[in-house]
Amino acid sequence: MKAAFSHLRARRRGQSLAGQRLLRQHGVAPGVLGSLVVIEAGRARMQSDAAFLLARRLPWPWPLLAVFWLCPRPLRDALYAFVARHRYRWFGRQENCMLPTPETAGRSFD
């Protein structure tokens, strides 16, 4: 029962137990997470570093955003935070989360 309760609390914060474990393994404190995190090749990347890493893997024209990688990290992270604060106003908000298709189900954790 304790494990189920712990799992429920983790899900309310938006992080699965597997996600929390990965964050801890890579030196990121799960309880204070408020950013996008990408773990690749044993390294955790956050905020603008994570966003640019993902943008490079998206179809054209998204990889063009990589040019902003040349900006200093504090400036990039400030821009990332600005977009994060305003994203729902600009792009709208969904009432429900998208359910994974059979093709994408293996890309995420519990």
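Select Leu17, which counts as partly exposed because its relative accessibility is 31% (buried is under 20% relative accessible area, exposed over 50%, partly exposed in between, with a 1.4 Å probe and protein chains only). Leu17 lies in helix H2, residues 17-25 (helices, H or I of at least four residues, and strands, E of at least two, are DSSP runs numbered from the N terminus). This is a predicted model, in which local features need pLDDT of at least 70 and side-chain atom pairs count only at pLDDT 80 or more, while totals for chains, interfaces and linings use all residues. Residues are numbered from 1 along each chain as its sequence is written, and side-chain values use heavy atoms, with hydrogens and water left out.

Leaving aside residues up to four places away in sequence, Arg45 touches Leu36, Val37, Val38, Glu40, Ala50 and Leu53 (contact means heavy atoms within 4.5 Å).

Ala50 and Leu53 lead on to helix H3, residues 47-57, where they are among the buried residues together with Ser48, Asp49, Phe52 and Ala55. The buried residues of H3 pack against strand S1 (37-40), S2 and helix H4 (73-91).

Finish at Leu70, in the loop between H3 and H4, which is exposed, with a relative accessible area of 74%.
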